[in-house]
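This briefing walks through one protein chain, beginning with a single residue and widening to the whole fold. Please keep the sequence and the structure in view while reading.

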Amino acid sequence: MTLMESAPVKVRACAGRGGRPRPSGRDGYTISEVVAHTGLTAHTLRWYERIGLMPHVDRTHTGQRRFTHRDLDWLDLVGKLRLTGMPVADMVRYAELVREGEHTFAEREELLTTHRANVRERIAELQSTLEVLDYKIDIYADARRASERFDPV
């Protein structure tokens with residue numbers, strides 16, 4: 001089972017980071033089209049392929065990479081994992097497990113469950129930080145309003 005033959009990824013995969021929809025009726029994107037669609041650089045895409053984070057990308061007879069809809073779906077998932085702060089090594093391990101097939105479901109679940117716990121911890125930290133920011137903003141807003149009430153001008 002290849003990386004792309006695994007269970008479907010339940011992510012919104014119809015548009016790239018910029019909200020640009022994929023061209024309809026196509027399933028063979030050049031690296032420049034993927035760059036425009038995802039916001040990633042060509043260097044990053046090549047690096048992902050080199051480190052094993054991207055599955056084998058098909059090539060034309062002239063050697064140009066051709067990315068499929070499935071590749072774009074995978075890149076969308078990788079982007080979401082990056083946003084959550086998952087280390088690249090863990091993403092590569094996840095990709096390896098997917099390539100290994102169904103017998104790795106338990107290990108994949110464990111990897112993602114552990115990461116989810118880390119994400120939830122980070123969200124709690126950010127929520128606490130947001131509360132401090134809100135408190136400080138309220139203090140300054142109250143002070144500004146009070147000074148405006150007593151300003152004789």
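The model is a predicted one, and the points below are grouped by topic.

**Arg 65 and its surroundings**
- Arg 65 has a relative accessibility of 19%, and it counts as buried because the cut-off for that class is under 20%.
- A polar contact of 2.6 Å joins the side chain of Arg 65 to the side chain of Glu 49.
- When neighbours within four places in sequence are left aside, Arg 65 is in contact with Tyr 29, Thr 30, Ile 31, Arg 46, Glu 49, Val 57, Asp 58 and Arg 59.

- Thr 68 belongs to the loop that runs between β2 and α3, and with a relative accessible area of 18% Thr 68 is buried.
- Not counting residues up to four places away in sequence, Thr 68 touches Asp 27 and Tyr 29.
- The C-alpha atoms of Thr 68 and Asp 58 are 8.4 Å apart in space, while the two residues are 10 residues apart in sequence.

**How α1 and α2 pack**
- The axes of α1 and α2 lie 9 Å apart and form an angle of about 105°, and the two helices are therefore roughly perpendicular to each other.
- On the α1 side the contact is made by Ile 31, Val 34 and Val 35, and on the α2 side by Ala 42, Leu 45 and Arg 46.
- Sorted by class, this contact of α1 with α2 has 5 nonpolar residues, 1 charged residue and no polar ones.

**The largest nonpolar core**
- The largest nonpolar core has 24 residues, and those that touch the most other members are Val 34, Tyr 48, Leu 53, Met 54, Phe 67, Trp 74 and Leu 75.
- Two or more residues of this core come from each of the elements α1 (31-38), α2 (42-51), α3 (69-83) and α4 (88-100).
- Leaving aside neighbours within four places in sequence, Tyr 48 is in contact with Leu 40, Leu 53, Met 54, Leu 75, Val 78 and Arg 82.

**The chain as a whole**
- The secondary structure consists of 5 helices and 2 strands, which follow one another along the sequence in the pattern α-α-β-β-α-α-α.
- The chain has 153 residues, of which 31% count as buried.
- Among contacts in the chain with a separation of 6 or more, 53% are between residues 24 or more positions apart.

Note on methods:
Residues are numbered from 1 along each chain as its sequence is written. This is a predicted model: local features need pLDDT of at least 70, side-chain atom pairs count only at pLDDT 80 or more; totals for chains, interfaces and linings use all residues. Side-chain values use heavy atoms; hydrogens and water are left out. A nonpolar core is a set of buried Ala, Val, Leu, Ile, Met, Phe, Trp, Tyr and Cys residues joined through side-chain atoms within 4.5 Å. Buried means under 20% relative accessible area, exposed over 50%, partly exposed in between (1.4 Å probe, protein chains only). Helices (H or I, at least four residues) and strands (E, at least two) are DSSP runs, numbered from the N terminus. Contact means heavy atoms within 4.5 Å. A polar contact is a pair of N or O atoms within 3.5 Å; within protein, one must be able to donate a hydrogen and the other to accept it, and residues adjacent in sequence count only if both atoms are side-chain atoms. Axes are lines fitted to C-alpha atoms, for helices over the stretch in contact, and angles run from 0 to 180 degrees between N-to-C directions. Angles under 35 degrees count as roughly parallel, over 145 as roughly antiparallel, 65 to 115 as roughly perpendicular and the rest as oblique. Ala, Val, Leu, Ile, Met, Phe, Trp, Tyr, Cys and Pro count as nonpolar, Asp, Glu, Lys and Arg as charged, and the others, Gly among them, as polar.
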